[in-house]
Amino acid sequence: MNENNLDKPMNKQWFWHPKLPVGFYPYFDWPPKPKEIFNFVFLRWLQKSDRTIFLLLSFMTFYLLMPSLDTMSTLSFDWISKLIIRNLILFTIVAGGLHWWFYVKKGQDMKFKYDPHPMKKKSKLFSFGSQTYDNIFWSVVSGVTIWILYEILLLWSFGNGKIDVFYFKDGWFWFIIWFPLLQIWQSFHFYWWHRFLHIPIFYKLFHSVHHRNVNPGPLSGLSMHPVEHVIYFSTLLIHFIIPSHPLHVFYHIYWLVLGTVSTHAGYEEIWVRRKSLLQVGSFFHQIHHRYFNCNYGNPEIPFDRWFGSYNDGTEEIK
Ligand SMILES: [Zn+2]
Ligand SMILES: [Zn+2]
């Protein structure tokens with residue numbers, strides 16, 4: 001790609017967009033393509049990507065920042081207060097850091113930005129009249145709180161034996177494969193509750209808080225109504241049923257919290273010193289934020305193709 005082209009809009013609708021049509025991942029292609037799936041998983045997992053970062057972070061949290069499972073068998077102020085501080089710091093660094101880079105420092109200007117418009121600074125649509133303050137309020141006061149409650153519930157359940165810990169030695173194959181499978185489970189769960197929240201009455205009551213962000217940024221990812229947060233994080237309850245280790249839970253949590261920050265970034269790439277540092281945005285979901293009635297799922301499972309709500313990004317381009 002010619003770097004100079006990154007400073008010019010690609011068309012009226014989008015300043016920049018990936019190669020279209022924006023497609024689905026190869027998991028459910030028919031006829032099945034095992035080689036493509038293998039290459040896809042290999043490329044995403046064994047190279048620098050959001051997924052590998054979340055995996056590393058899960059290991060760091062479990063081995064360096066967590067008390068023993070025994071300690072967590074009782075709900076005590078000591079470990080819970082540390083957990084709250086750890087999560088607040090992590091969210092501030094990732095969401096705040098990305099927001100600062102893209103929208104405060106304007107570190108890469110418009111390079112790889114999807115929507116040509118800036119964030120809304122003065123709009124009655126948002127709490128406190130500002131997209132940024134609105135997003136911080138709903139993300140932190142509701143989002144981080146409900147995330148922490150789920151995390152405490154799960155860790156405490158591991159600690160007191162309500163969930164049996166599934167160790168690597170109990171079955172290495174399941175231990176490993178459960179990480180990429182979590183993504184598929186997450187996609188399944190996400191599509192159905194998200195579709196449900198688009199029923200007009202629930203949209204108006206709850207989901208509209210998230211959809212104020214027609215042009216989202218990193219802080220918009222977790223900016224939702226508390227009812228939506230409770231449903232969003234309920235995907236974690238799968239660990240009560242399917243054999244898991246706390247590492248799986250942390251990975252799942254980071255995918256939910258930090259993954260949503262990254263996919264709402266509004267930019268496809270973090271571009272530093274004329275190099276791509278990391279792929280972040282999701283153009284597939286950006287289309288959902290702009291047009292509302294399409295792309296309810298995400299690229300893991302092609303529900304939108306099966307149910308006729310797929311917008312591949314090519315229709316409106318002029
Ligand atoms: Zn929606
Ligand atoms: Zn969204």
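Predicted model: local features only at pLDDT ≥ 70, side-chain atom pairs only at ≥ 80, totals over all residues.
Residues are numbered from 1 along each chain as its sequence is written, chains are lettered from A and ligands numbered from 1 in the order in which they are written, and side-chain values use heavy atoms, with hydrogens and water left out.

**Zinc site**

- The zinc ion (ligand 1) is coordinated through NE2 atoms of H194, H198, H207, H211 and H288, at 2.1 to 2.2 Å.
- Donors here are N, O and S atoms within 2.8 Å of the metal (3.2 Å for Na, K and Ca); water is not among the atoms, so sites may look incomplete.
- Along the sequence, the donor residues of the zinc ion follow the spacing H-x3-H-x8-H-x3-H-x76-H.
- Among them, the pair H194 in helix α5 (residues 172-197) and H211 in helix α6 (residues 200-211) links distant parts of the chain, 17 residues apart.
- Helices (H or I, at least four residues) and strands (E, at least two) are DSSP runs, numbered from the N terminus.
- H194 and H211 are both buried, where buried means under 20% relative accessible area, exposed over 50%, and partly exposed in between (1.4 Å probe, protein chains only).

**Helix α2 against helix α8**

- The crossing of α2 and α8 is right-handed. A crossing is left-handed if the near helix is turned anticlockwise from the far one by less than a right angle, and right-handed if clockwise.
- On the α2 side the contact is made by D50, R51, F54, L55, L57, S58, F59, T61, F62 and Y63, and on the α8 side by P246, L247, F250, Y251, Y254, W255, L258, G259 and S262. Contact means heavy atoms within 4.5 Å.
- These contact residues comprise 13 nonpolar, four polar and two charged. Ala, Val, Leu, Ile, Met, Phe, Trp, Tyr, Cys and Pro count as nonpolar, Asp, Glu, Lys and Arg as charged, and the others, Gly among them, as polar.

**Helix α6 against helix α9**

- The axes of α6 and helix α9 (residues 283-291) come within 10 Å and cross at roughly 120°, which makes α6 oblique to α9.
- This crossing of α6 and α9 is left-handed.
- H207, H210 and H211 of α6 make the contact with H285, H288 and H289 of α9.
- By class, the contact of α6 with α9 has no nonpolar, six polar and no charged residues.
- H207, H211 and H288 are also among the residues that coordinate the zinc ion.

**Helix α5 against helix α7**

- The axes of α5 and α7 are 10 Å apart, and the two helices pack at an angle of about 155°; α5 is therefore roughly antiparallel to α7.
- α5 passes α7 in a right-handed crossing.
- From α5, H189, W193 and L197 meet E228, I231 and Y232 of α7.
- The residues of this contact divide into four nonpolar, one polar and one charged.

**A buried loop residue**

- T235 lies in the loop between α7 (226-233) and α8.
- The relative accessible area of T235 is 0%, so T235 is buried.
- Leaving out residues up to four places away in sequence, T235 touches W185, Q186, H189, H252 and L256.

**Backbone exceptions**

- Most residues other than glycine have a negative phi, and most peptide bonds are trans.
- L20 and P21 are joined by a cis peptide bond, with omega about 0°, and P21 is in the segment before α1 (34-45).
- The peptide bond from W30 to P31 is also cis, with omega near -5°; P31 too lies in the segment before α1.
- F128, not a glycine, has a positive phi of about 60°. F128 sits in the loop between α3 (77-104) and α4 (131-159) and is exposed, with a relative accessible area of 59%.
- N295, also a residue other than glycine, has a positive phi near 50°. N295 is in the loop between α9 and α10 (303-306) and counts as buried at 0% relative accessibility.

Terms used. Axes fitted to C-alpha atoms, helices over the stretch in contact; angles between N-to-C directions. Parallel < 35°, antiparallel > 145°, perpendicular 65-115°, else oblique.
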